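Trainee: I have just opened this one and would like a slow walk through it. Could you take me along, one topic at a time?
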Amino acid sequence: MDCTGCGTCVKYCPVEYPDPFNQNISKNKAVHVYFSQAIPLVAYIDETCLYLKEKKCLVCESVCQADAIRLNQSPEKVQLNVGAVILSSGIKPFNPAVRSEYHYGVFENVVTSMDYERLLSSTGPYQGEVLRTSDQKHPKKIAWIQCVGSRRVTPEENSYCSGVCCTYTQKQVILTKDHEPDTECTIFHNDIRAYGKDFERYFQRAEALPGVRFLRTYPTIVREIEGSKDVVIRYATTDDGVKEETFDMVVLSVGLNPPLNNKELADRFGITLNHHGFNQTIDENPMLTSRPGVFASGAFQGPTDIPESVFTASAAGSQCGTLLDYRRGDLAIERVYPEERDLAKQAPRIGVFVCHCGANISSVVSVPSSVEYSLSLPNVVYAQEQLFSCATNSAQEITDKIQEKKLNRVVIAACSPRTLEPLFRDTLREAGINPYYLEMANIREHCSWVHSKQKEEATAKAKDIIRMSVARANYLAPLKEFDLPVHKDALVVGGGLAGMTCALSIAAQGHTVHLVEKSDALGGMARRIHSTLEGMDVKAHLDGLIRDVYQNPQIYVYHNADILDVAGYVGNFVTTVKSDKGKQEIPHGAAIIAIGADVYTPTEYLYGQDDRVMTHLEMGERIAAGDEKLLAADHVVMIQCVGCRNTDRNYCSRVCCGHSIKNALKLKAAKPEMDIDILFRDVRTYGFREDYYREAADKGVRFIRWTPEDKPEVEAGVNEEGREVIKVTVTDPVLGQRLELSADILALAAAMIPAESTNEIAGLYKVTLSPDGFYKEAHVKLRPVEFATDGVYLCGTAHYPKHIQETINQAYGAAGRVLTLLSHETVVASGAVCEVTDENCISCGACITACTYDAISFRETPMGRKAWVNPVLCKGDGLCNAKCPTNAIVLKHFTNEALQGQIDATVIGPSILEQIDAAAMEAAMETH
Amino acid sequence: MRLIRVMCSGRVDLEFILRAFTKGLDGVFVGGCEFGGCNYITHGNYDALANVYICKKIMSRIGLNPDRLRLQFMSGADGDLLAEVNDSFSKDIKAIGPLGRGEGEDGDLSTLMLKLEAAKLLVPYLRLVERERLRIPVKSEEAYVSFYTSPQFDALFDELVGSKLAMEQIALLLKKGALSTADIAGKLGLTPSEVSKYVNSASRYGFVKYDTDQSRYALA
């Protein structure tokens with residue numbers, strides 16, 4: 001509790017032991033901070049401590065100035081009474097030491113991807129330098145081996161696909177080339193599973209880098225070369241047979257195992273695990289476990305990437321909310337800030353805090369000389385350095401100094417305002433001054449990180465950046481934020497699986513939901529899907545949902561609806577809807593866009609010309625309907641990636657591999673002797689779906705790979721027996737032969753494409769689209785269900801193609817975020833908005849035409865017609881400022897004066913020079 | 001490269017760019033989102049593009065190398081592109097040389113500064129001109145580029161801005177004291193007949209008067 005995270009004890013502790021955070025590659029002390037951005041940033045003592053082992057030493061206790069060392073602490077048992085539990089115990093990386101063939105822990109330069117991740121990190125064992133532990137040299141030739149521990153049925157390994165390794169490997173390759181551009185990178189892989197949003201483009205980016213080879217083959221680690229400790233890999237090639245190649249380092253792209261102690265966890269909470277050791281997922285609601293009140297989120301549901309983890313976390317939170325809504329706010333304590341002092345008329349008194357950011361800044365920029373320089377700047381009355389300005393104790397220090405030194409402006413020279421500005425604004429509020437008196441000088445991203453090799457120049461630049469920020473700080477003004485009331489209703493656009501799930505989840509916490517559906521029936525695309533690969537009865541679930549929606553007194557459904565207009569802003573929207581119920585203006589606090597996606601209508605492979613050619617979705621429907629013509633077929637061919645992963649649609653539709661395998665398995669179940677060929681590019685059955693891929697292969701479904709350079713060809717023809725068939729010709733890249741298949745039925749895995757109304761709805765709610773035409777979330781990893789536009793959320797396939805379970809996860813996740821908004825009485829709008837000085841306004845309207853948010857309008861004033869800004873609608877972009885001929889409209893916090901002050905300070909003006917001279921003179925006088 | 005944060009590339013005012021040059025900076029870089037990549041509905045990068053075209057025109061007009069101003073559109077994920085562009089821009093600026101000297105001025109920047117000052121004074125007028133005559137209704141990169149590189153734009157610029165810019169420069173020059181036609185022509189690098197043309201219209205508007213005794217022009 002008393003630890004300030006100063007690190008003195010770490011310096012003096014005599015015990016060194018391998019640091020688990022850095023994969024035991026480097027050493028740490030027995031007393032240490034877990035890692036440099038740990039929260040709380042305090043030291044703790046490991047069992048290797050000499051005192052704990054032998055009652056010796058006590059050095060840490062004697063050097064700690066805060067008296068924070070407690071060597072006599074013992075474990076405590078605490079009993080908590082809770083209404084719900086969320087298990088988000090994550091995963092454990094696969095340990096390749098369990099299989100001798102990987103030689104991990106034996107050959108020194110065979111590392112796991114987790115080891116490599118730490119090597120790449122600036123807080124890693126070698127401060128971001130990629131070095132071999134064997135000789136501390138840069139590896140110039142690195143191999144990655146994919147699917148280590150995954151997609152294998154060997155003992156100790158996992159049969160499922162871990163789903164994340166393809167892309168993290170590509171990231172590591174890109175970062176490696178960033179670190180050392182001439183490193184040769186070779187990736188031995190099976191399928192490339194770039195199924196996530198923008199992943200296809202990311203793969204292309206990695207593949208296009210010079211010196212990067214993606215080889216589709218199975219490699220074997222053969223031996224370590226004596227002396228150099230390089231590693232030899234043997235692999236088969238299509239052209240040259242079996243080859244051996246030597247690498248400086250081999251990275252094993254390890255998969256994801258269930259969390260440690262998963263069985264104990266399951267026993268203790270009384271829940272069931274699946275045979276892989278993860279939570280036994282309930283398809284209709286993957287957040288549930290087998291025990292009511294215990295929820296699962298993140299990778300405990302199964303291997304998963306960050307966005308899915310984030311929205312399942314939100315979804316689990318939301319479901320706890322449903323359970324505990326009646327007690328909402330019982331334990332909340334309102335935060336009380338000291339009263340804000342009115343400083344508007346005071347002359348500026350600026351304090352500068354320069355952050356070391358551990359070693360992130362201080363290893364490049366001289367922090368002490370930057371502090372000294374800051375003190376020489378006009379109006380700076382105080383400056384100091386801090387280890388981590390963002391640490392709790394540092395924030396307290398800033399608050400204290402503001403009060404002690406009577407500061408009225410604060411410059412924090414640290415990182416990007418994009419991450420920590422809100423935190424530091426809060427720090428200012430704690431000290432009783434307006435949060436807009438904060439200015440951040442970014443000496444990390446803009447300086448130390450990009451100039452790590454030019455320390456002196458970097459220090460000079462850091463001083464320039466600080467000087468510019470100080471100049472700007474002089475012009476900062478106290479701004480008022482607005483409390484806007486929040487309307488408690490929500491409006492969901494789209495009555496498919498995502499929209500209905502989301503609507504029910506929101507209504508379950510007492511909110512009225514308006515569900516707007518463009519057609520005359522609920523259900524959307526899911527109506528065409530009978531069951532999932534995992535066997536969930538989609539129709540039964542959908543029927544249940546539709547019934548629940550209609551029966552819920554708090555959900556209003558609008559059929560055959562058209563959205564005519566959307567006005568307002570977060571917490572206060574008004575959407576005008578024309579539907580069966582007539583034209584209505586619906587007020588609501590939040591909007592959720594769940595309009596789904598469409599299926600591409602193929603123009604290739606005889607689709608639409610020959611009735612034996614159908615999409616995979618149509619095939620699914622015909623299987624469910626027991627279509628006799630389909631079951632009469634002796635030979636079915638399926639072609640994957642129809643209409644996507646091409647130049648028109650440079651993305652993967654994600655669901656089609658699973659969908660085709662589901663169809664294949666159903667057909668095999670109905671007619672085991674049927675020949676089925678699936679012509680694929682990469683089979684992307686990520687996660688547990690891999691088991692079904694294996695099952696299909698075991699049941700005799702043939703998988704034949706094709707490449708975009710050599711597409712399958714399709715024509716109507718007759719087979720050897722004279723029967724009318726569809727001839728499908730494809731080159732098998734393994735055999736190197738043209739295969740001619742005679743199909744009775746051809747199914748095309750048609751791409752999922754953005755819904756027709758995507759653009760129109762985007763325009764109405766003022767939200768944006770990704771390059772592929774699906775909706776663009778606020779952050780692809782961290783904010784996957786929100787738009788950058790406040791108060792508007794998204795879920796389902798409108799965001800990107802996804803499986804039914806994933807859609808359900810995301811719908812609950814979006815509901816969680818919406819409920820967080822709707823549970824507040826008010827929302828706060830930024831103070832950095834535009835304002836018009838009436839005296840200067842000539843009512844020319846230039847600002848009004850510049851504003852895309854309709855935030856500016858004319859208003860009659862005693863001085864005549866003047867432009868007026870609705871502060872709630874203004875987004876603070878300041879475009880209007882650059883258009884106003886009289887500078888009458890002012891974007892607060894980014895005023896012309898503040899920006900020009902910053903421009904002027906890029907060069908040292910005479911006044912500053914004079915001050916420095918004067919300071920030097922004064923110092924000289926004192927020494928004499 | 002020293003960075004200044006604005007909330008949209010369209011917020012980068014002509015005055016900011018000109019001001020940076022008057023402070024002696026050798027180059028100005030404007031970074032914005034890619035077209036169609038706006039996270040909002042603002043698409044202010046089109047305004048940035050228009051502003052940069054107009055500014056480059058002014059720069060050539062006042063004898064400042066327009067390559068000192070560069071605009072680059074990139075996404076937030078294009079860190080490597082930013083680094084690459086910055087390196088090449090810095091290299092280019094170094095090759096052009098320090099402000100003024102790269103333009104053949106030998107140490108005396110007073111005329112260039114006067115011309116920059118004159119251009120800054122025109123900014124409010126330029127904003128009106130942009131709105132009334134130079135704005136393109138379609139937000140497409142192609143339309144912007146084809147308009148701003150067309151002879152039509154050149155002609156409009158000459159008609160609307162050219163003479164105003166010269167008159168503003170003459171007015172600033174005369175602030176320091178009365179001068180003859182030849183003096184003005186020499187200082188601003190104009191021909192005497194151009195000077196007479198501008199001074200005549202300036203005196204018609206009543207800004208400038210002719211002192212017949214000294215054969216000099218002075219501010220009215």
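Mentor: Let us begin with chain B, bearing in mind that this is a predicted model; read along its sequence, chain B follows the pattern α-β-α-β-α-α-α-α-α-α-α-β-β.

Trainee: How many helices and strands does chain B have?
Mentor: Chain B has 9 helices and 4 strands, and its C-alpha atoms fill a box of roughly 65 × 40 × 30 Å when that box is taken along the principal axes.

Trainee: And what percentage of the residues of chain B count as buried?
Mentor: Of the 220 residues in chain B, 34% count as buried. As for contacts within chain B that have a separation of 6 or more, 67% of them are accounted for by residues 24 or more positions apart.

Trainee: Can we take one buried residue as an example? Where is B:Ala48 found?
Mentor: B:Ala48 is found in helix α2 of chain B, which covers residues 45–61.

Trainee: Why does B:Ala48 count as buried?
Mentor: B:Ala48 counts as buried because it has 24 C-beta neighbours inside 10 Å, and the cut-off for being buried is 20 or more.

Trainee: Which residues is B:Ala48 in contact with, leaving aside its neighbours within four places in sequence?
Mentor: With those set aside, B:Ala48 is in contact with B:Ser9, B:Gly10, B:Val12, B:Val30, B:Gly32 and B:Leu71.

Trainee: Changing topic, how many residues of chain B are in contact with chain A?
Mentor: There are 27 residues of chain B in contact with 29 residues of chain A. On the chain B side, the elements that give two or more residues are α1 (14–22) and α5 (123–134), and the largest share, 4 residues, comes from α5(B).

Trainee: What about the residue types there, how do they divide?
Mentor: The side of chain B that touches chain A divides into 14 nonpolar, 5 polar and 8 charged residues.

Trainee: You mentioned α1(B). At what angle do α23(A) and α1(B) pack?
Mentor: Helix α23 of chain A, residues 896–904, packs with α1(B) at an angle of about 25°, and their axes are 9 Å apart. That angle makes α23(A) roughly parallel to α1(B), since angles under 35 degrees count as roughly parallel. The crossing of α23(A) and α1(B) is right-handed.

Trainee: And which residues make that contact?
Mentor: From α23(A) the contact is made by A:Leu899, A:Gln900 and A:Ile903, and from α1(B) by B:Phe16, B:Arg19 and B:Ala20. Together, the residues of the contact of α23(A) with α1(B) divide into 4 nonpolar, 1 polar and 1 charged.

Trainee: Let's move to chain A and its strands. In what order do the strands of the open sheet come?
Mentor: In that sheet, 3 strands of chain A come in the order β25-β26-β27, and the pairing is antiparallel. Since β25 (562–569) and β27 (582–588) stand at the edges with a single partner strand each, one side of each is left without a neighbour in the sheet. The twist averages 15° from one strand to the next.

Trainee: How many bridges are there between β26(A) and β27(A)?
Mentor: Strand β26(A), residues 572–579, pairs with β27(A) over 7 bridges in the antiparallel sense, and A:Lys578 stands opposite A:Lys583 of β27(A).

Trainee: One last thing, about backbone angles. What is phi of B:Ser215?
Mentor: B:Ser215 has a positive phi of about 50° although it is not a glycine, and its place is in the loop between β3 (208–211) and β4 (216–219) of chain B.

Trainee: Is B:Ser215 buried or exposed?
Mentor: B:Ser215 is exposed, with 11 other C-beta atoms within 10 Å. In chain A, A:Asn379 has a phi near 70°, again a positive value in a residue other than glycine. A:Asn379 lies in the loop between α9 (367–375) and β18 (380–386) of chain A, and A:Asn379 is partly exposed, with 14 other C-beta atoms within 10 Å.

Note on methods:
Residues numbered from 1 in each chain as written. Chains lettered and ligands numbered in written order. Predicted model: local features only at pLDDT ≥ 70, side-chain atom pairs only at ≥ 80, totals over all residues. Buried ≥ 20, exposed ≤ 12 C-beta atoms within 10 Å, placed from the backbone. Contact = placed C-beta atoms within 7 Å. Nonpolar A, V, L, I, M, F, W, Y, C, P; charged D, E, K, R; others polar. Pairing = 2+ DSSP bridges. Axes fitted to C-alpha atoms, helices over the stretch in contact; angles between N-to-C directions. Parallel < 35°, antiparallel > 145°, perpendicular 65-115°, else oblique. Left-handed = near helix turned anticlockwise from the far one by under 90°.
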